[in-house]
Amino acid sequence: MKSEHLFPWWAGYLLLNPLRKLVQNPEKVLSDYIRPGMKVLEPGCAMGFFTVPMARMVGNDGMIYAIDIQEKMLKVLKKRLGRMNLLKRVSIRRSSSGSISAGDLSGQIDLAVVYAVFHEVGNRETFIKEVFNTLKPGGRLLFREPGVVSKERVMEEIELIKSAGFRAANDSGFSSKRVFEFLRD
């Protein structure tokens, strides 16, 4: 998962700011998609702003596969999960510069959450194909980029997602929320 612009590990603490929930509440964003027992892939998990709530949502029978290229981000995530007694619900993985390192998950994932990370990926074609391959038939991809990524760039990324084999779950067009849902048939 080589990065064009690697988000500084120390800035990961800013992503955990509780005020962020006023704008991006993970429970509200994901409550329509995550159920107990699900397997969820989260490449680019950072320090776990979404990981922790997702771990609660999947329950004891589910699993979150939290992947990041930065070891320091993953160490903070592991500590946070340990304090909250959620470590058994999360498989923490370090990606490499060329792969999300999830080949063993082929066809097993119910939902992939690619939230504010795609713009940082160097080889986006390989990245999205790997995400596609982890999903079960009928699996879903939730995709969002932050507002600093231009509409044109987001539209290019959507075309890459479609070229990997995904189809749009709805044709609502480009929305101000910039959250897109795709299906693997």
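Is L14 buried or exposed? L14 is exposed, because its relative accessible area is 61%, where exposed stands for over 50% relative accessible area, buried for under 20%, and partly exposed for the range in between, with a 1.4 Å probe and protein chains only. The structure is a predicted model, in which local features need pLDDT of at least 70 and side-chain atom pairs count only at pLDDT 80 or more, while totals for chains, interfaces and linings use all residues. Residues are numbered from 1 along each chain as its sequence is written, and side-chain values use heavy atoms, with hydrogens and water left out.

L14 belongs to helix α1 (residues 12-15), helices being DSSP runs of H or I with at least four residues and strands runs of E with at least two, both numbered from the N terminus. Together with W9, W10 and Y13, L14 makes up a nonpolar surface patch that has about 480 Å² of accessible area in total. Such patches consist of residues with over 30% relative accessible area and no salt bridge, nonpolar side chains (Val, Leu, Ile, Met, Phe, Trp, Tyr) being joined within 5 Å and like charges within 9 Å; the areas follow the Shrake-Rupley method with a 1.4 Å probe, and for residues only the protein chains shown count as cover.

A patch of positive charge on the surface is formed by K72, K75, K79 and R83, where Lys and Arg count as positive, Asp and Glu as negative, and His and the chain ends are not counted, and where the place of a charge is NZ of Lys, CZ of Arg, CG of Asp or CD of Glu. R83 lies in helix α4 (residues 71-83) and is exposed, because its relative accessible area is 64%. In the loop between α4 and β3 (90-94) sits N85, which has a positive phi of about 60° although it is not a glycine.

In soluble globular proteins, nonpolar side chains tend to be buried together.

The whole structure contains seven salt bridges, each defined as a side-chain nitrogen of Lys or Arg within 4 Å of a carboxyl oxygen of Asp or Glu. One of them joins the side chains of E71 and R94 (3.9 Å, N to O), linking helix α4 to strand β3 across 23 residues of sequence. Another salt bridge pairs D110 with K136 (2.9 Å, N to O), with D110 in strand β4 and K136 in strand β5, 26 residues apart. E157 and R124 likewise meet in a salt bridge (3.7 Å, N to O), and this pair connects helix α6, which holds E157, with helix α5, which holds R124, at a separation of 33 residues. E157 counts as buried because its relative accessibility is 0%, and R124 is buried at 14%. Salt bridges with shared partners join R124, R153 and E157 into one network.
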